[in-house]
Every structure is written in C-alpha cells, then in structure tokens.
Amino acid sequence: MQTPEAQPLAPDCLPSVHAPAPASLSPQASPMDKNTASELMPPPPDGDDPPRISPDPVTVSAVSQELGEKGPASLSTLLETGFGTPSELSPRIEEQEPENASLSAEETNGPELGPGEAMEGVSEEPALEDEGNAAWNYNFSQLPRFLSGSWSEFSAQSENFLKGCKWAPDGSCILTNSADNILRIYNLPPELYSEEEQLEYAEMAPVLRMVEGDTIYDYCWYSLMSSTQPDTSYVASSSRENPIHIWDAFTGELRASFRAYNHLDELTAAHSLCFSLDGSQLFSGFNRTVRVFYTARPGRDCEVRSTFAKKQGQSGIISCIAFSPTQPLYACGSYGRSLGLYACDNGSPLALLGGHHGGITHLCFHPDGNRLFSGARKDAELLCWDLRWPSHPLWSLSREVATNQRIYFDLDPTGQFLVSGSTGGAVSVWDLSGALEDNGKLEPILSFLPQKDCTNGVSLHPSLPLLATASGQRVFPEPTESGDEGEQELDLPLLSMRHAHLECRLQLWWCWGSPDAGSPEDHQGKKGQGQQEGGGDEFI
C-alpha cells in the first residue's frame, strides 16, 4: 500500500503517536566494554505530583457506536477528536527548518498529517464534545480481528523465535525481544490513521533495532516514558555477562549502564528489571538479592537488599519484580517457587507466599492494588492473591505451561480482563468480574489460536483495544523413525524437525468488536489476514 508523502521529521523531538524512528534501520552493535563510562541520565521530574505513568485512556464521543461498526479504520476520527490535532500531539509533525530535517517518509513509514487537514477535521466535528465521551474499552465478546504483524523479520535467522512483547507506557510503539538478542521497536500500523476502511494491512517492519551481546534475560520500558519527551524515552535491558544497558528509544544508542558486582568483584548480570513508579529507581533481581540503582546516577553505586539471610527469607534467583499501584510495596518472584512482598523504602520483608509448582516467571498487580497475579514455569495455574488475606491464593486460572519458557500474561487498564498465552499457542481471556466455579477456578470467556506455535507474549494496549501477541519457542530435533530391514533405506538425517510448527511472529489484534463481525462459530477454522497456511485464528 502506498502512503502519501509525509512532511520531514526533525530529530530533536519525539512524536506521541509514532514510535521513535532511527536514522538507519541497520542493527547497531552494543559496546562490549563493560566498564565504559556512560553519560548521566536526566533525573526524574521533581515535585509532589509525579507525572502519570501512562496517559489517560483515549476517549471518544457518544458516536463511538458508529465507530465500533467501522472498526479500526475509524481511528483517525478518534485521533482528531480524542487526542487533538496532530500538531498538538507530536512536535515532530510540524513545519521544520530544511537543515533540521533528516528522516524521510520511507524511513518513518508514516502517513501524511498536515496541520491544515487536522484543523479542518477538528472544526468539522464540533458536536462530538457536547455528546459526552466514552472510553475505548476492550470487548472480548467476539473473536478479535487480526490487523497486522511481523514475521519476515524473525525468519531471516534459523532457530529464531520471539520471547515476549511490551507496549510502551504511552502506547506509541511496541517493544519485542527475540532469541537473536535483538530488541526491536515497532510503530503502530499507519493504516490505523487512515479514514478509509482497510481491507488488508501491510506487514509491519521495525523502525529501531538494539543489539545486545548475549542472551537477554529481561527488558522493560521506563515507567514514565512519554514519546513527547525524548528525555524519558528509553529502554532497560539485561543480558548474560553484561551490565544493565539503557537504550535511547529515539536513536537506538547506548545511553547509560548500571553495573553490579558480586563478592569477588566480578561483573554479574541481572535476571529481572523493573523501574519504580516515579522513575527514580531501577530495581534489578539477582540470586537472593535485589539491587536498587538510582536512574540519575549510572555506574556501580547501588543499594543491596538481601532477600535471604540467616537461612530465612526468599531464596533463589529473583526472576521478576512488580510494583503495587496503590501501596508502597513491591513483589518479587523467585525461581525458588516463592513470592515475596517488600516495603519500597527500605526493602524490609512483609510476607512470603508459596503455592506454585515451578519457578515464578511473571507478576502483575491489579489496578486496585489489592490483588496480585503470579505465573510460573511448568505450572498449569495462574494464582490470584488477595494481599489483605495473603495466607493462601484467592483463586486460580488454568493455562498450559509445559516448558521452562516465560509465558506472559497481562491485565487491561480497567482490571476487568486478564489475557494469557500458553505453550500450545492458545490465547485465553478471563473476565475477573465473573463468578467462580465450585472448584475455586475462573473459566475463560474466550480462547482462540493465533498460530500453532507457542504464544509466549501478550500485551494489552494502555488506551486502545489492541492486543499484541508474540509466538515461538526453542525446538529440538527429534530422532527420525527407521524403516524395516526389508525396506530400502532412505537418506534421512538422524534428527529431524519435520513435526515442529515453527511460527515466529508478532501479531496485533483489534478487540473492539462490531455487530457485523459474526458469531464465534462463523470464524472457526478461518485464517487471519497476513497469516500463512496452517495458521490459527481459530476458536477453541
């Protein structure tokens, strides 16, 4: 699909709709000198009222019923009425001096957004403000609609697969991790901003690649990230035998490093990362230890908080960290199958929970701050904990996790829906406001199969009804079956992968729903747009 020529974009500011785009799409190798001094990162904003972690949900007027019938093709109307003019939304989409323009329309892959057209669009819809606003909430009453994805990017290298995806806090772009040790940033599909209904979306291509030196253990966005403020647009990553790297999400350059050393003064890598809600601290998980770095002071200076002392406490590698949105505490999951709660100010232990059959791989707080969800490897249950009575799990959700791979799950901004992937590839959705079964489990309201390979990553957009899924897993060759002695022996390899379904892809799903989308039975066995033969998009 051809898009109109976009106006030049300046490199000194960052758009809020389009993700940060680099000057070149070629991979950039990270510096391998682990002790290289890094420039200081800007301190977090001061004041009693820190900036919001993510913008308010995008709102539209009561005419959203009409927009729901049209689907995502009407997103341009939403951007004009809910967000404001593109000139207000993005300082880069303005008339710039010729000497400041460096990125072409082909590099940004963005549609033309002229100031005159934007103002005209606003002036033509004055009645929308008087009709009231309604949020774009998720709707899983019908099969999500496949929009676009990326698969060619990950098939260039053999035995490559995705290892999760995460939307930016402001929803401007999405970050992926894969087995080739490359972090990729994707823009939202430009077709979403078109006023015409798109029958087919083009395959997505990354606008930024950040290459790590070894296996990536964990990665995360800065908690106060806003694409309108380049000083807050960065990503943290941790890889084997490397310090914690801070990548500029606008240029892809290495911005700073945080180095942790063990008792032998040897560099040690963090297994988990999480920024504090105010962005002033970076929490990192190690073996029986949590190290706290201050984002304004890169280097090796940190606060060491032990989770296990005098044969008591939380043992094992701290594999995941999550912060409560309402209480001054954080949760740590361990490969030792335990879950710990700690105070934010000094790290004093508050509670130690147990109930999983495998090492905990992911944690997520409910927006109300009272409930905590935890998932583990080789564990078929997601556990829900009520922190007011944390002695035992409140209830559980069933999912398939048959390997040691980290299988993500996510909550929508309202806390009503929980979405999780599985080893078999099925994506399940639970309505947390529903009634429990007699066995204390909550049954999913929807399960569909995006592809036949493992769905390891799911991420819900913070303001639009967009679900992102990532698939793939490490597959080992199986011994081939030998024929009978009387049969002619074929020249077959001893190991084969002919029975494996290798489908490594990033996919975006529209979860708004529309009256003409049909019933779930109508979509059974149908192949989504842009998917290969044998793909999923099937109801379970």
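The model is predicted, so local features need pLDDT of at least 70 and side-chain atom pairs count only at pLDDT 80 or more, while totals for chains, interfaces and linings use all residues. Residues are numbered from 1 along each chain as its sequence is written, and side-chain values use heavy atoms, leaving out hydrogens and water.

Let's start inside. A nonpolar core here is a set of buried Ala, Val, Leu, Ile, Met, Phe, Trp, Tyr and Cys residues joined through side-chain atoms within 4.5 Å, where buried means under 20% relative accessible area with a 1.4 Å probe, protein chains only.

Now follow Phe275. Leu282 in S15 stands opposite Phe275. Strands S14 and S15 (residues 281–286) pair in the antiparallel sense over four bridges; pairing requires at least two DSSP bridges. They belong to an open, antiparallel sheet of four strands, ordered S14-S15-S16-S17. S14 (272–275) and S17 (303–306) each have a single partner strand, so one side of each lacks a neighbour in the sheet.

Finally, look at S9 (residues 234–239), where six of six residues are buried. Tyr234, Ala236 and Ser238 point one way, and Val235, Ser237 and Ser239 the other. S9 pairs antiparallel with S8 over five bridges, and with S10 (residues 244–248) over four.

Conventions:
Helices (H or I, at least four residues) and strands (E, at least two) are DSSP runs, numbered from the N terminus. Buried means under 20% relative accessible area, exposed over 50%, partly exposed in between (1.4 Å probe, protein chains only).
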